[in-house]
Amino acid sequence: MLFRLWFCAFSITVLILNFSCSDNGDSSPDSGADADSDSDADSDSDGDSDSDSDSDADSDSDSDSDTDADSDSDTDSDSDSDTDADSDADSDSDSDADADSDSDSDSDTDADGTTLLIIGQEWMPEFKDYVTATGVAPAGSSHYGDFVNGTINSGSDVDNQAFLSYMNTTYPGAYAQLGIRLPADAGTCGSIASGGQNHLIDSFIDILNRFPNLHFLMRIGYEISDHTCGSAGPQTFKDAFNYMAAYIRDSQGISNVSFVFHTIRGANNHNFYPGDTYTDWYGISLFNHDICVEYEGSTNCDPSNTYDANLKGILDMAAGTGKPIIIAEAAAQTSPAQMNLAHFENWFGRARQIIEQDYDVRAFVYININWADYGWGDNWGDSRIQHLQEVQTYWTTHFLNSGHYINYTDL
């Protein structure tokens, strides 16, 4: 009898212990949830491109560049830089997080961590030749107009906006970058903000309405510097920019346009920044001297670096605004001695570091022309990627098939 009592007590004890172990085992799913939540936090912390990429560019990068930064006027600012621009393995994922916040606030920005690829400059034959050579239509085209004439009248648009008409019909939904030359005299430029030039702004509004299938990236003035608006100073330009943008978007309700502030290199030019209200994009130019590549026998920064100091200064300012960056004019200037794969690989490699690694560049406008065909000197050379088969192969690999750049079929 005592044995039976002892055996029963022993059995009850075992049952109690088993039940207790079973309860402890239920805690493992909670641990898994904690692990998921930790992993999410790590993933989020990897993704702040503006702060991370800026600090990477400041501290890790060997960055230097300088530009012949005008494709419509032959300007040359000199500077050099000793900054290091090194790419960080996390920079692509970092860019993605800011890409999310930018794309939420700006309809122009596309998929996270990607860049619109637009082909310029203003000539329809060159645009068509590019599409024929590559078999890929870019995300958009590039056009120019004069404020004082109230028209888009440059290149192939000189005939009643023929190029824009072609893009509107053939590539609905594409982007059309539009540079508007502001008046060269301070008086006319100053009168824009007081409503004295509304009739000219109305002319541009008529053109925007004529091409509803296109989304315009309007550069009100472009390659802004101290010479803008007849050297009237930053406030005159800022007032003109904001008045035009408000009149077009708010007063007249035009929705197929975004506004680009586009300056040349040099942090001082940020003084012309019109503010966040009507600035949708922050634009820069990119030519040989901007990225320490030889032009006309000289460089104005050490070729072992990537950036000219002034270019890096303006890029840092641009990143600080939180606006998407557009390289609004860019070309590999190519002397006869540079007409080879090594030169283009060097140039595009530096450009890609800026676009894909160091900054959140959301649009890249490459001027794919033979400059001499359009009245520019031989020193500008032939920037077309299809001019050399090996260059086109490089372009196809890194710009058409990499998944980073948005072409027309990706829109």
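Mentor: Lys312 and Asp316 are both found in helix H11, where four residues, about one turn of the helix, separate them. Please bear in mind throughout that the model is predicted. The side chains of Lys312 and Asp316 join in a salt bridge, with an N to O distance of 2.7 Å. The two partners can be considered in turn. Lys312 has a relative accessibility of 4% and therefore counts as buried, since buried means under 20% relative accessible area. Asp316, with a relative accessible area of 23%, is partly exposed.

Glu356 pairs with Arg352, and their closest N and O atoms are 2.9 Å apart. Both belong to helix H12 (residues 341-358), and because they are four residues apart there, about one helical turn separates Glu356 from Arg352. Glu356 has a relative accessibility of 12%, so it counts as buried.

The structure holds nine salt bridges, and another of them involves Arg265 and Asp308, whose closest N and O atoms are 3.5 Å apart. This pair links distant parts of the chain, its members being 43 residues apart. Arg265 lies in the loop between strand E7 (257-262) and strand E8 (281-286), whereas Asp308 lies in the loop between E8 and helix H11 (309-321). Both Arg265 and Asp308 are buried.

Two packed helices are described by the angle between their axes and the distance between the axes. For helix H5 (residues 124-134) and helix H13 (residues 389-400), the axes come within 11 Å and cross at roughly 85 degrees. H5 and H13 are therefore roughly perpendicular to each other, because angles of 65 to 115 degrees count as such. On the H5 side the contact is made by Tyr130, Ala133 and Thr134, and on the H13 side by Gln392, Trp395 and Leu400. Of the residues in this contact of H5 with H13, four are nonpolar, two are polar and none is charged.

Definitions and conventions. Residues are numbered from 1 along each chain as its sequence is written. This is a predicted model: local features need pLDDT of at least 70, side-chain atom pairs count only at pLDDT 80 or more; totals for chains, interfaces and linings use all residues. Side-chain values use heavy atoms; hydrogens and water are left out. Axes are lines fitted to C-alpha atoms, for helices over the stretch in contact, and angles run from 0 to 180 degrees between N-to-C directions. Helices (H or I, at least four residues) and strands (E, at least two) are DSSP runs, numbered from the N terminus. Angles under 35 degrees count as roughly parallel, over 145 as roughly antiparallel, 65 to 115 as roughly perpendicular and the rest as oblique. Contact means heavy atoms within 4.5 Å. Ala, Val, Leu, Ile, Met, Phe, Trp, Tyr, Cys and Pro count as nonpolar, Asp, Glu, Lys and Arg as charged, and the others, Gly among them, as polar. A salt bridge is a side-chain nitrogen of Lys or Arg within 4 Å of a carboxyl oxygen of Asp or Glu. Buried means under 20% relative accessible area, exposed over 50%, partly exposed in between (1.4 Å probe, protein chains only).
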